[in-house]
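Colleague: I am new to reading models like this one. Can we go through a few features together?

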Amino acid sequence: MEFFLSRYRNLSVLVAVILAQLVLLAYQVRTNGDVRLIRVWAVGAVMPLARVIEGGRISVSHFFSDYFVLLDVREENKRLKSELDRVKMDNQYLRAELSTADRAKSLAIFQAHSPSKTVGAHIIGNDTGVGAKDVFIDRGSSSGIEPGMAVITPDGIAGKVTKVFSGQSQVMLVTDGTFAAGVISQTNRVHGVFRGQGFEGSGRIEHVQNEQKVDPGEWFYTSGDDRIFPKGLPVGEVTAVHQGKTEKEIYISLSGFKNGLEEVLIIVEGVHAPIPSAAASADPPRLLPPPPFDPADGAPVQPLQTGPISTDADRVKEQYRKLGVQEGHPYGERGNGAPNYNTPLKQDARPEAKPEKP
Amino acid sequence: MSGFSQQYREPLRKERSSMLNVAVIAGIALLSILFRVYVSRFVPYLQYLELPLLVTVYFSLMWRSPIAGALFGATVGLAQDSLSHHLLGMFGIVKTLVGYFAASVSLRVDVGNPLLRLVLGFFFFFFHQLLYWVMARAMLGEALDFEVPQALVLAMLNAIVGVFLYQLLDRLKVTG
C-alpha cells in the first residue's frame, strides 16, 4: 500500500480529491441539502469586493452625471436669465419630469405606494454557473431577507430569493429555465404557470388548455397561487399564442426587465392586490339611428327583443322565482336545501299554453 | 556583515517572497472569479470568458506539479460552485481534472510557446465544457444543451484571450 501510494502519489491525490467531491455531491443530492459553510466562505470572500467595486462605480457615475447636470444647469441659468418667465416654467416642468423618470426615485415612489412591505436592494454580481440566470443582491438576513421571498421592480416581477447570507442574497431571475410562478390573464382570467426560457426578456405560459381564450397583447399578472408573489403584480404581455396538442403555447415579453435590472425590491410582507381591469379594447361601434317610418312598408318593424336576452333557462328560473314568492320558499338558494326542479309544477303555476296557429 | 547573518537572512527573504507569491496567486484567482461575477453583469457576452479556467490552466502549467494543479483547480472550482446555483463539486471535479492534466502536460513539453498555449487553452476549455455537460447529465440528470460548434468557437476565443493573459501573468512573474 505504501509502495503504491509513493509510486502513484499524483494519481492517489487526484483520486482522493475527486472522491471527496463526489461524496460532497452525493450528500447534497441525497439530503437535498446544501453545504452552507463552503458557500458562506466563498460569498464572504468575493461579494464584499463586488460590493466595493459596485459602490465605486455608482459613486463615479453619480459624480459624472452630477457634474454634467450641473454644467447643464449653469448654462441653463445663463439662458434663462435672458428668457421669459414662460421658458422658466417650462424648464421647471422638464426638471420635474426628469427627476420623476429617475430610476431610483421611481423605485422609491413605487415602494411608498405599494401595498406590500418591501426592501430595496442593488444587484452586485452574477451567478458563475453555466447559463447563469441568478444574481446576487446587497441585502441579506441582516435586512430581514429570507429564502423564497419575491423580488420585483416597479414594472413587474424579477425573481425570487433562493439563498440568503448575512449581507447578500442569491436571487433566481424569472428568466431562469427552472423558474415558475402562478399567473392569471387580465381580460379572460385564464390561470396558468409562467416559466422562464433561459434567455432575457421573454418567457412562456404553460397549462392553459386549447379551449381557453388568450389573445396576443393581453397581460398576465401574478395569481398568488404560488404563495411567493402576491396577486396582482404584472408579469408580461402576450406576444404570441399557438394551439398546441392539448395546451396552448403562449409566449410573453417580460415587463420587469424593461428598464434594466440594477435596483430591485424584495417583498418582505406581501399584500394581494386585485388584477387591474383591462382597458376597453376598442370603442363600441357607432350605429346609425333606425330608418324613418315609411307608410309604404306597412307597420314599423319592431326588434324581436329589446330587453335582456331571454332563454328557456331564464324562463324556467323566472317561473320558479314566482313559485318561490307564492310559497315563501327561496328556490335555488343554498342553505335552505337544494330545490328539486324535477318536482311537477302546480297546474296554476304553469304558463298558459298558447294555442298553436296552423 | 558576516556570512552567518547572510545565510540567516536568505531563507527569510525566500519565505517572504513565497508568501507574497501565494497571496498574489490567491488574489489572481479571486479576481478571475470576481470578473465572472461582476463584469459579466455589464457585458453579458463576457460570461462566456472562463477566466477561472484560464487561470487554473496557467498556474498548473507553470507549477508542473499535478498535485498542486489538482488542488488549485479544486479550490477555484469549489469557489465557483459556491457562487452559482449548482451543487457544490460540479466545477470542482471538472477543474481538478483540468489542473491535473495541465500540470501533467507541462512535465512533458515546454509550455512557454504561445502557439502551444493556444492549443492547450483551446483543448482544456473544450474538455471543461464537455466534462461538465457529461457530469450534469449523468449525475444530476440535468437536460443541458451542448452545442459543439458553439463550444468550439468559445474554446478558440478563450484560448486567444488566454494567450494574452498568460503573457501578462508571465510578466508578473508569479509562479509560486
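Modeller: Start with A:H207. With 16 C-beta neighbours inside 10 Å, A:H207 counts as partly exposed. The rule is this: a residue is buried if 20 or more other C-beta atoms lie within 10 Å of its own, exposed if 12 or fewer, and partly exposed in between, with C-beta atoms placed from the backbone. One caution: this is a predicted model, where local features need pLDDT of at least 70, side-chain atom pairs count only at pLDDT 80 or more, and totals for chains, interfaces and linings use all residues. Residues are numbered from 1 along each chain as its sequence is written, while chains are lettered from A and ligands numbered from 1 in the order in which they are written.

Colleague: Where does A:H207 lie?

Modeller: A:H207 sits in the loop between β8 and β9 (219-222) of chain A. Strands (E, at least two residues) and helices (H or I, at least four) are DSSP runs, numbered from the N terminus.

Colleague: What should I look for in the backbone angles?

Modeller: Most residues other than glycine have a negative phi. A:H207 is not a glycine, yet its phi is positive, near 60°. A:R189 is another non-glycine residue with a positive phi, about 55°.

Colleague: Is A:R189 buried or exposed?

Modeller: A:R189 counts as exposed, because it has 12 C-beta neighbours inside 10 Å. A:R189 lies in the loop between β6 and β7 of chain A.

Colleague: How do I read strand pairing?

Modeller: Count bridges. Two strands pair if DSSP finds at least two bridges between them. In chain A, β6 (residues 180-185) and β7 run antiparallel, joined by 5 bridges. A:I184 has A:H191 as its bridge partner in β7(A). This hairpin has 5 residues between the strands.

Colleague: Which residues form the covered face of β7(A)?

Modeller: The covered face of β7 (residues 191-196) holds A:G192, A:F194 and A:G196. The uncovered face holds A:H191, A:V193 and A:R195.

Colleague: How many helices and strands does chain B have?

Modeller: Chain B has 6 helices and 0 strands. Of its 176 residues, 42% count as buried.
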